[in-house]
Each structure stands twice: as C-alpha cells, then as structure tokens.
Amino acid sequence: MAIKTFAAIEVGSSHLAMKVYEISKKLGFRELDHVRYAISLGVDTYSRGMIGYEKVNEVCEVLKRFRFKMEEYQVDDYMAVGGSALREAKNSDLIIDQIFVKTGLRVNIISNAQQRFFIFKSVAYKMKNFEQLIHEGAAIIDLGAGSLQVSLFEEGMLSFSQNIKLGSLRIRELLAELEGHTTNFVNVMEDYIGNDMRTLRRLRLKDHKISHMIVVGEEFSSIINYVSMTKNREFLTGEQYNKIYAKILKSTPVEIADKYGIPYELASVMVPSGIIYKKLLDFTTVEKLWEPQADMCDGLAVDYSERVEKFVLSHDFERDILNCVSNMTKKFESSEEHIDNVEMLAMKLFDGMKKISGLNSRHRLLLRLAARMHDCGKYVNMAESIRASYELIRLTEIIGLSETEKEMVAHIVLYNSSAQIPEIGEDVRSMKKEDFIAVIKMAAMLRLCNGMDRSHKQKIENIRISIKDQELRITADTIYDLTLEQGTVKARAQMFEQIFGLVPVLRQKRNV
C-alpha cells in the first residue's frame, strides 16, 4: 500500500500554520505534525491596504523553518495557500515572489470561494455526525480574521453560501480609532455588526429552519475549550452560549487573556466574534453550536487525497455546487423546464463525445453549470440577456469553483451566443490556453443544445449520439415537429464543425 507524505501550509490573516500528513487511498490521511506561528498580516492589510516588508521578512523566516521540517519528514508533495490578508493586499504579487525567492515555496492565493470550500471538506471529514446534522438543518459559520461565511445546508445539501466582510480582526482594526471616543465600545461594535446581520437575516435566513451551527474558527474553539468550563468539547447549547457571552462582554481583552490563558491577540477579537455568534443565534432556531475541530490545513489534505489518491468523501460536494446554482437560477426566475432540458441535452452530448472531445469530468461539471445559468440574465435585461447572464455569473460567488473556473463558466455562456469562434481577448487573460480551448468546445456544445430547445417547449425527451462519415448524428426521441430545431442546429453547424471537424445533424425518431 503506497503511502505519501504531504504538507499543508496556510498563510492566514493571523497566523502561519503547517500540518504534515501520511496519506493513502485506503486509509485516508493521518496527521504527523502540526506547527503554528502567530503573525497579524491582516492588521496591515485591513488598516493600510498592504503588508509591510518587516512582516514579509518574518513570514519568509517562518516558512524557511517550515521547509526544514518538510525535509525532515521527506515530504513527497505540499500545498501552500494564502487567504484574505494576501488576497486583498495591494503588494500581494511582490510578496508571493519574495516568498518563492527566499524559501523556494510557491504560495497560491486562493479565492474566498475556494478557501471556504476547503473548510467544508475538512468539516465533512472530521465530523462523524456531519451528514446527520445537515439533514436536520445546519449552518456552517466560518468566521475568519477578514470575513464571515454563512453556509446553509438543508436536507443534506448546500442551499446557499454568503460572504460578509465582518471578520473579527477586520472589525477590530476598522473601529480601533473609535474606542477612545466612547464609554461603551461594545455598543459601537454591535451597531456596526448589527446592520449587516439584519440584512443577512432578511435576505437569507428568515424562512429557514436551522437546528445546528457548526462554528469554524479559533475564537469559538477557545470559547468551548477554555471559557465554557464544561466537560463537553463537542457543542454548546444556545443557553450555555448566552451565559458565556454575558461573561465575555464584561471582560477586557487583558482579563480574558489572563483568566483563560488565551493569547492576547486572540482575546482582543473575542468580543466582536462573540457578538456575531450571538446575533446568529438570536436570528435563527439554532439549538446547538458545534465545534468541528477542523481547519484549512485539514481541508487541503482532504482535497489532495481526493485529487491524487482518489480518496472519496462520503459527502457529494458536486451535488452541493449544482444545488446552490439551481437556487440562484430560481431567484432570477429562469425557466426551469428550459434549463433542465438544455442541461440534459448538454450532458448527453458531452458523454456521447467523450472519446473525441479531449474534455474531462471537471469540464463536464462546468458545462452543466453553464447550462443551468445561461438564461438567468433575462431577469435583468431581456434584450441583452446573454451579456447579463455573463456578468451575473462573474459577480456571483460559487463555492467550490476557482476564479478561473468561474470565468470559464461565464465565457461558455457568453460564447454560446457567438456564431464565430472567439479570439482570446483581455477578458480571458486569467485562463491558460488549454482552458480557453476547452471553453470554446463547451460553448459550441451549449450553443447546439440551446438550439435544440429553441422553442422552449422541450420537444426532445432524449437523444442518442453517434459519429459516422464526419457527421455527429443526434437522434432525438420525440413525437413533435422538429422543423425549427433542425433548422437552428443546421444554422449553428459551421462553428461546431470548425472546432470538432464534425457536422452536427439532428435526426428524429418518432415515439409511438
């Protein structure tokens, strides 16, 4: 049984962390070592917009030590990521370059959607009762230094995920100058936090039953492990949390740090964090707040195990992505019958061309998402619906997709309206050449399938794909007249032929 050694590194807003794991397909992963170093990169980013070079040098020195430890364990592979502090810093590219030059480590700055998705994976792996909780109704509350992510699971699937720039460290830095101008700084923080939280309740939470909060973050971990004084380290009831919250509000950061043995930097953000948890508790039907003992490094290890060792999590995250997107299309009142039909046709076409398209299973998901979202722009502008759909996709956070993948989906939809093969422009510079080629192929597929439901009457119930004599033969099962659809496919055949070297032909097999 092959066992690999893997290192996961997080360059976070308040700390640097590395975990070393043993990973195998059969056994999953086992943690061998964990090192952590406190450093407030977020203080610079959230207050000044960039990270000072004294801290950059400090980061490099710590990462050098991480590198030595990786060599001690003879690590086979690693992944190093940076979150919001690096992502929002104006000098992020220079910092990444300095880290590589001085340490040899490549740090990838990931989007918020990717960052939260790794956390989802770590929670799903670490919590043995995860499936039970999300079937009963659960929200994953991922409170970081820079932002808050609220993700709701209903009936076992992700329903929505919303990001708000209410990170505990960000709040502390933004309001720091006001602290000396009031005798009740807690009220100032409650007012600042309360506006966004009320909006979240009105737009997202008010019609949902949430029985459980799965709370990710150092602040809640400290509350349940050090402040609560309870033997149970898995969860707090709402009543228990309210009592703890009252104690926190009466204490200064120095008092919290001294009394509970918590580092001052962490103690200093306990109050804004506590207010956020309290608001969420008051706005929902939550009965228990769970501490999953999961973090970013664990999520990176799970993701690596899935990609490289083909380790399979019991939870289906692809279904979550699709469910979230379906909820988005309902919000924009897309025609469900039409997008369901186009999605079905697109998947049949993709699978029928699998051996000749050069596309993979990830591309299949991106095409499926494009099929589901291609019509959402009509809610904004019927005359410019494709452009509106493109912009909506680009502006929507899709948990589980990288920024490049989201751009690919947006461009599949955009090029679906094009009669000519598009050229690489400024708007696709984030894509590699192979990504752009894949987008063109999928756009041609979507364009063809969209044409097969040109009437929006879902005349075609099923299709079969065959290839013969340079023809892509699409045989449709239907009793309806396909004159319009056959004409549309013929009109769209040229672009398809230029890309795949096959002429698409829509034929009819009448059901009896």
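Predicted model: local features only at pLDDT ≥ 70, side-chain atom pairs only at ≥ 80, totals over all residues.

Reader: What makes aspartate 33 and lysine 69 a salt bridge?
Author: The closest N and O atoms of aspartate 33 and lysine 69 are 3.3 Å apart. A salt bridge needs a side-chain nitrogen of Lys or Arg within 4 Å of a carboxyl oxygen of Asp or Glu. The pair therefore forms a salt bridge. The two residues sit in distant parts of the chain, 36 residues apart: aspartate 33 in strand E3 (residues 28–38), lysine 69 in helix H2 (residues 53–72). Helices (H or I, at least four residues) and strands (E, at least two) are DSSP runs, numbered from the N terminus.

Reader: Which class does lysine 69 fall into?
Author: Its relative accessibility is 22%, so lysine 69 counts as partly exposed.

Reader: How do you know that glutamate 391 and arginine 387 form a salt bridge?
Author: The N to O distance is 3.8 Å. That value is within the limit, so the name applies. Both residues lie in helix H19 (residues 385–395), 4 residues apart, about one turn of the helix. Glutamate 391 has a relative accessible area of 30%, so it is partly exposed. Arginine 387, at 41%, is partly exposed too.

Reader: What does the salt bridge of arginine 464 with aspartate 477 tie together?
Author: The closest N and O atoms are 3.2 Å apart. Arginine 464 is in strand E12 (residues 462–468) and aspartate 477 in strand E13 (residues 471–477), so the pair ties together parts 13 residues apart in sequence. Arginine 464, at 38%, is partly exposed. Aspartate 477, at 11%, is buried. The structure holds 33 salt bridges.

Reader: Why are H16 and H21 called oblique?
Author: Helix H16 (residues 336–352) and helix H21 (residues 433–451) pack at about 130 degrees, with axes 9 Å apart. Axes are lines fitted to C-alpha atoms, for helices over the stretch in contact, and angles run from 0 to 180 degrees between N-to-C directions. Under 35 degrees is roughly parallel, over 145 roughly antiparallel, 65 to 115 roughly perpendicular, and the rest oblique. H16 and H21 are therefore oblique.

Reader: What makes H18 oblique to H21?
Author: The axes of helix H18 (residues 361–373) and H21 come within 10 Å and cross at roughly 45 degrees. That angle falls among the rest, so H18 is oblique to H21.

Reader: Which residues of H18 and H21 meet?
Author: His363, Leu366, Leu367, Ala370 and Ala371 of H18 meet Ala438, Met442, Met445 and Leu446 of H21. Contact means heavy atoms within 4.5 Å.

Reader: Why is phenylalanine 436 put in its accessibility class?
Author: Phenylalanine 436 lies in helix H21. Its relative accessibility is 6%, so phenylalanine 436 counts as buried. Leaving aside neighbours within four places in sequence, phenylalanine 436 is in contact with Tyr415, Pro422, Glu423, Ile424, Val428 and Met431.

Terms used
Residues numbered from 1 in each chain as written. Heavy atoms only, no water. Buried < 20%, exposed > 50% of the residue type's maximum accessible area, 1.4 Å probe, protein only.
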